[in-house]
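Let's take a friendly walk through this model, one feature at a time. Keep the structure open as you read.

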Amino acid sequence: MRKTILLAVTTAILAACGTQPTPRTQAPDLTTLNGSPAVAGEILVKYKGGVTLSSLQPLRGSQQVSAFGDSHWGQLARVQVPKGQELSFAEAYSHQAGVEYAEPNYWVESPREEVQAVSLPKTSAPRLQALPSPITDKYFVEVPAGDPFATTSVGPAAPATPVIYSNVPYLWGIHRTRAPQAWAAGYTGQGVTVAVIDEGVDLTHEDLAANIWTNPDPTNPSCPGQHGYDFVDDDADPSDTGGHGTHVAGTIAAAANGKGVVGQAPEAKIAAVRALGYFGGSNYMLVRALKYAADCGFKVANNSWGSGAKSKAFYDVISYGTQKGTVYVFSAGNSFREGNRLSWPVGYSPVIPGLIGVGATSANNLRAGFSDAGDYVTVAAPGQGILSTIPTVQNPGDPYAYLQGTSMAAPQVSGVVALLFSAKPNLTPLQVRVALEQSANAVLTGQLAKPDYRTQNAGWYGYGLVDAKAALDYVLANY
């Protein structure tokens with residue numbers, strides 16, 4: 001499932017500078033199973049908790065390649081089978097004693113795949129005609145008086161000094177979600193770590209370095225790595241290989257340091273969890289990453305990606321993670337114009353309380369034309385023309401760019417969730433979801449009720465536009 005619409009100008013920068021990332025891992029041989037791409041010659045087999053892999057005999061003609069898990073959750077094995085026989089072997093394994101389920105090792109395309117030109121210069125008057133609809137919102141074209149973009153601490157103990165930068169008038173997303181009002185109340189994401197499950201993160205970016213998580217026990221087998229982990233190459237270097245993950249990270253927690261941009265939760269920490277390579281990633285990589293976020297104790301996991309394949313492994317691991325206290329935020333998808341195809345795992349949002357599905361809005365509070373819609377959209381968030389960080393190597397003099405997509409909307413919500421956890425660290429995923437739903441702004445999106453799926457705007461905005469200050473007030477009053 002293609003999730004993000006990148007700027008053509010960014011692609012041009014990469015070509016001109018000769019800095020197109022070199023993939024460390026090549027894409028595997030792919031096939032199509034049940035209408036979706038999958039790794040040819042591989043399946044995933046989930047064994048129930050308490051079952052030891054050493055006691056099991058693989059089916060004839062198959063071989064276990066690797067496995068992970070624990071005695072409580074069970075073990076997920078990656079099993080090699082003859083190409084062309086993936087479905088038959090999955091069916092055969094599913095009937096074995098001790099097996100919980102078996103399915104193809106589906107493939108998720110890189111979220112950088114879609115490209116659309118958007119021209120929004122940061123140092124001159126905005127050229128609004130490049131966007132699909134006129135921009136009339138003052139927060140897109142000017143900085144409101146008193147915004148604390150230049151402060152190193154945005155809490156009440158350090159009053160902000162307003163400083164206007166030529167490149168920050170376009171940070172309309174944080175104003176639309178009313179994040180500065182939450183900061184003014186003293187909640188900036190402090191004490192909260194957000195996992196960015198993506199293509200990696202630029203760990204040394206000027207706007208991110210101060211907020212990169214450091215693992216107190218990097219040799220912990222359940223939570224390895226100093227700043228996160230790379231499940232594509234299976235090593236401790238989760239550096240960005242595409243740019244998508246760095247942009248997402250900046251929207252969540254770029255520091256309020258007087259440089260570039262500022263995130264929704266400017267004092268939260270970012271754990272870089274690379275589970276998508278330059279060409280994409282397998283379900284095996286992504287399930288490991290989703291479990292890692294829970295096992296490390298991260299309160300929030302942002303997922304700006306999705307697949308066309310409905311997967312039991314996704315449902316299994318996200319259910320496990322939410323029970324451990326992790327909130328999983330997922331982008332809804334960008335295929336509205338191509339049939340509004342349902343994406344997974346976000347499709348599980350209606351049945352997993354700790355999974356938050358996010359649609360994208362424009363600066364006019366309309367559903368962005370690309371944004372998928374349905375009952376899996378919990379809330380909407382700004383996702384069109386979003387300025388954030390990109391890897392420094394891609395544009396050393398100005399490592400920032402505009403991207404748009406539901407990939408850009410999801411991290412807005414992840415940042416808001418971090419603000420809620422900084423106020424109430426013991427919130428459950430269900431309490432977070434209820435707070436987002438009950439506080440969402442349905443007036444700006446023109447909804448009649450929360451939610452109102454019976455109108456012409458059926459399911460477009462979920463419960464409405466996410467509102468950081470209203471959600472904060474809700475958790476402080478109710479929890």
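Predicted model: local features only at pLDDT ≥ 70, side-chain atom pairs only at ≥ 80, totals over all residues.

If you care about torsions, the angle about the S-S bond is 110°, and the link of Cys223 and Cys296 is right-handed.

What does this link tie together? Cys223 sits in the loop between β8 (193-198) and β9 (228-230), while Cys296 sits in the loop between α7 (283-295) and β12 (300-303), so the pair connects parts that are 73 residues apart in sequence. Are Cys223 and Cys296 buried or exposed? Both of these cysteines are buried.

## The overall picture

Stepping back, the secondary structure of the protein comes to eleven helices and 17 strands. There are 479 residues, and buried residues make up 61% of them.

Contacts across the sequence are worth a look too. Taking the contacts in the protein with a separation of 6 or more, residues 24 or more positions apart account for 76% of them.

On the α7 side, the contact is made by Asn283, Leu286, Val287, Leu290, Lys291, Ala294 and Asp295. On the α8 side, the residues are Ala313, Phe314, Val317, Ile318, Tyr320 and Gly321.

The other pair is helix α10 (residues 429-439) and helix α11 (residues 468-478), which pack at an angle of about 125° with their axes 8 Å apart. α10 and α11 are therefore oblique to each other, and their crossing is right-handed. Here Val434, Ala435, Leu436, Gln438 and Ser439 of α10 meet Ala470, Ala471, Tyr474 and Val475 of α11.

## One buried face of α2

Which residues of helix α2 (residues 86-94) are buried? They are Glu86, Phe89, Ala90 and Tyr93. Seen down the axis of α2, these buried residues fall within an arc of 105°, so they line one face of the helix.

What covers the buried residues of α2? The cover includes the strands β2 (30-33), β3, β5 (74-80) and β6 (99-109).

## Backbone details to check

Now for the backbone torsions. Most residues other than glycine have a negative phi, and most peptide bonds are trans. Against that background, here are the exceptions to look at.

A cis peptide bond joins Trp344 and Pro345, with omega about 15°. Pro345 is found in the loop between β13 (327-331) and β14 (355-361). Another cis peptide bond joins Lys450 and Pro451, with omega about -15°, and Pro451 is in the loop between α10 and α11.

As for phi, Asn34 has a positive value of about 55° although it is not a glycine. Asn34 is in the loop between β2 and β3, and at 59% relative accessibility it counts as exposed. Asn340 likewise has a positive phi, near 55°. This residue lies in the loop between β13 and β14, and with 24% relative accessibility Asn340 counts as partly exposed.

Where does Ser362 lie? It is in the loop between β14 and β15 (379-382). Ser362 is buried, with a relative accessible area of 3%. Leaving aside neighbours within four places in sequence, Ser362 is in contact with Trp172, Arg176, Ala368 and Gln384.

Gly50 belongs to the loop between β3 (36-47) and β4 (63-70). At 62% relative accessibility, Gly50 counts as exposed. Gly50 and Gln75 are 25 residues apart in sequence, and their C-alpha atoms are 9.0 Å apart in space.

Technical notes
Residues numbered from 1 in each chain as written. Heavy atoms only, no water. Disulfide = S-S within 2.5 Å. Helix = DSSP H or I, 4+ residues; strand = E, 2+ residues; numbered from the N terminus. Buried < 20%, exposed > 50% of the residue type's maximum accessible area, 1.4 Å probe, protein only. Arc of directions from axis to C-beta. Contact = heavy atoms within 4.5 Å. Axes fitted to C-alpha atoms, helices over the stretch in contact; angles between N-to-C directions. Parallel < 35°, antiparallel > 145°, perpendicular 65-115°, else oblique. Left-handed = near helix turned anticlockwise from the far one by under 90°.
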